[in-house]
Amino acid sequence: MYVLCLVTQKGGSGKSTLAVGIAVAALGNGERVAIVEADPQGTILKRKEPRGHPHP
Ligand SMILES: Nc1ncnc2c1ncn2[C@@H]1O[C@H](COP(=O)(O)OP(=O)(O)OP(=O)(O)O)[C@@H](O)[C@H]1O
Ligand SMILES: [Mg+2]
């Protein structure tokens, strides 16, 4: 199992966005992916844009 950490002190620099991008790329590569979001902002949870892709 790979655990990727996207870390920077700067807020709003794209960490959550990049996490979703990497997750989608991994899914496309046949990997099983889980994103565990601990941030109460819920940036990833709130992403509901239709992707036109069979994966959630
Ligand atoms: N490569 C990019 N190009 C343009 N806008 C981007 C890019 N990556 C992220 N954004 C936008 O920047 C904003 C902040 O992105 P994001 O929420 O991913 O940052 P974050 O580092 O996770 O923030 P936080 O520190 O609050 O958790 C969002 O509006 C997102 O859509
Ligand atoms: Mg974030």
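Does V33 count as buried, exposed or partly exposed, and why? With 14 C-beta neighbours inside 10 Å, V33 counts as partly exposed. The cut-offs are these: a residue is buried if 20 or more other C-beta atoms lie within 10 Å of its own, exposed if 12 or fewer, and partly exposed in between, with C-beta atoms placed from the backbone.

Good morning. The structure is a predicted model, in which local features need pLDDT of at least 70, side-chain atom pairs count only at pLDDT 80 or more, and totals for chains, interfaces and linings use all residues. Residues are numbered from 1 along each chain as its sequence is written, while chains are lettered from A and ligands numbered from 1 in the order in which they are written.

I begin with the whole chain. The protein chain has 1 helix and 0 strands; helices (H or I, at least four residues) and strands (E, at least two) are DSSP runs, numbered from the N terminus. Of its 56 residues, 2% count as buried.

Next, the helix. The 14 residues of α1 should span 20 Å at 1.5 Å a residue, and the end C-alpha atoms of α1 are 20 Å apart, which agrees. The expected span is 1.5 Å times one less than the number of residues. After α1 comes G30, with a positive phi near 90°.

V33 lies in the segment after α1. Leaving aside neighbours within four places in sequence, V33 is in contact (C-beta atoms, placed from the backbone, within 7 Å) with A23, A26 and L27.

L6 counts as exposed because it has 12 C-beta neighbours inside 10 Å. Residues up to four places away not counted, L6 touches K15, L18 and A19.

Finally, the ligand. Among the residues around ligand 1 (C-beta atom, placed from the backbone, within 6 Å of it) are K15, S16 and D39.

Technical notes. Contact = placed C-beta atoms within 7 Å.
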